[in-house]
Amino acid sequence: MPAITANAAPRSTIAPTGNSSACAAADTVMVDIPVFTAGEPGVRVPQLPGWTRFTQMDSELIRLTLANPSLIANKFAPNIVITVEPAPSPDAATVYAQAQHNLINIAGALDIAVTPATVCGLPAERLAFRSPGMGPQSAERHLQALQVFTRSGSHSYLISATVQTTDPNNADYQRDSTRMLEGIQILAPSVSR
């Protein structure tokens with residue numbers, strides 16, 4: 001993924017994990033995802049202008065949701081959701097296969113296209129897919145996800161960043177979703193939380 005050039009130092013004191021020079025640099029405000037357990041990897045995501053933090057869905061699984069109300073189409077605000085979950089296996093390929101299985105069989109994902117990627121030197125996958133509307137009169141959603149497998153100590157984690165819209169041809173959404181997914185940083189556990 002292409003890097004974003006840096007204009008200012010990030011607000012956080014968390015150090016990137018793996019090869020720090022492989023992390024995308026930030027040219028905008030970065031938000032640190034809440035950490036729930038000691039030793040858990042941190043995640044940082046760009047918060048672009050117009051993207052507002054919503055806490056209604058925050059949980060141990062869903063760590064951050066940003067939405068852009070100015071881009072509403074078909075009564076749906078484009079959003080990005082970041083999840084952090086313990087991985088069921090120490091093997092990245094197994095974890096990614098299970099995640100895709102869940103997208104299809106639980107979330108109803110259609111036409112999944114998968115591209116290998118790396119984030120901060122870690123194995124990752126970029127997915128593009130569609131999902132039926134969430135009701136009889138709701139529009140089909142178009143989603144992109146970045147899934148990153150990482151280890152912290154003896155624990156493995158799957159970190160997912162998923163952006164979605166009902167208007168995939170909107171140029172502002174395309175620009176913002178690309179910048180957010182390409183700007184994600186996976187971070188070493190913080191020692192000073």
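## A serine under cover

Serine 160 is buried, because its relative accessible area of 7% falls under the 20% limit. Its place in the chain is strand 9. Please keep in mind that this is a predicted model. Leaving out residues up to four places away in sequence, serine 160 touches Val81, Ile82, Thr83, Leu146 and Gln147.

## A proline in the open

For a contrast, have a look at proline 116, which lies in strand 6 (residues 110–119). Proline 116 is exposed, because its relative accessible area of 72% is over the 50% limit. The C-alpha atom of proline 116 is separated by 6.2 Å from that of arginine 126, and the two residues are 10 residues apart along the chain.

## The overall layout

The protein has two helices and 10 strands, and from the N terminus on they follow the order β-β-β-β-β-α-β-β-β-β-α-β. Of its 193 residues, 43% are buried. Among contacts with a separation of 6 or more, 51% are between residues 24 or more positions apart.

Strand 2 (residues 42–46) is mostly covered, with five of its five residues buried. Which residues cover each side? Gly42, Arg44 and Pro46 are on one side, Val43 and Val45 are on the other, and all are buried, so that both faces are covered.

In soluble globular proteins, nonpolar side chains tend to be buried together. In this model, the largest nonpolar core has 36 residues. Those with the most contacts inside this core are Val43, Val45, Ile80, Ile82, Val148, Ile184 and Ile186. Strand 9 gives the largest share of this core, five residues.

What does isoleucine 184 contact, leaving aside its neighbours within four places in sequence? The list is Val43, Arg44, Val45, Pro46, Ile82, Val119, Leu146 and Ala161. A second, separate core has six residues, including Leu103, Phe129, Leu143 and Ala145.

## The largest pocket

Rolling a probe the size of a water molecule over the atoms shows where empty space is left. The largest pocket here has a volume of about 950 Å³. Its lining is made of 34 residues, and Val81, Thr83, Leu103, Ala107 and Thr162 lie nearest the centre. Two or more lining residues come from each of strand 4 (62–67), strand 5 (79–86), helix 1 (92–105), strand 7 (122–131), strand 8 (141–152) and strand 9 (155–165).

What is the make-up of the lining by class? There are 21 nonpolar, 11 polar and two charged residues.

Some names from earlier sections come back here. Val81 and Thr83, among the residues nearest the pocket centre, are also touched by serine 160. Leu103, likewise listed nearest the centre, belongs to the second core.

Notes. Residues are numbered from 1 along each chain as its sequence is written. This is a predicted model: local features need pLDDT of at least 70, side-chain atom pairs count only at pLDDT 80 or more; totals for chains, interfaces and linings use all residues. Side-chain values use heavy atoms; hydrogens and water are left out. On a 1 Å grid over the protein atoms alone, a cavity is a set of points where a 1.4 Å probe fits but cannot get out, and a pocket is an open set with protein on both sides within 12 Å along at least five of seven lines; lining residues have an atom within 4 Å of a point. Grid points are joined across faces, edges and corners, and a volume is the space filled by probe spheres set on the points. Helices (H or I, at least four residues) and strands (E, at least two) are DSSP runs, numbered from the N terminus. Ala, Val, Leu, Ile, Met, Phe, Trp, Tyr, Cys and Pro count as nonpolar, Asp, Glu, Lys and Arg as charged, and the others, Gly among them, as polar. Buried means under 20% relative accessible area, exposed over 50%, partly exposed in between (1.4 Å probe, protein chains only). A nonpolar core is a set of buried Ala, Val, Leu, Ile, Met, Phe, Trp, Tyr and Cys residues joined through side-chain atoms within 4.5 Å. Contact means heavy atoms within 4.5 Å.
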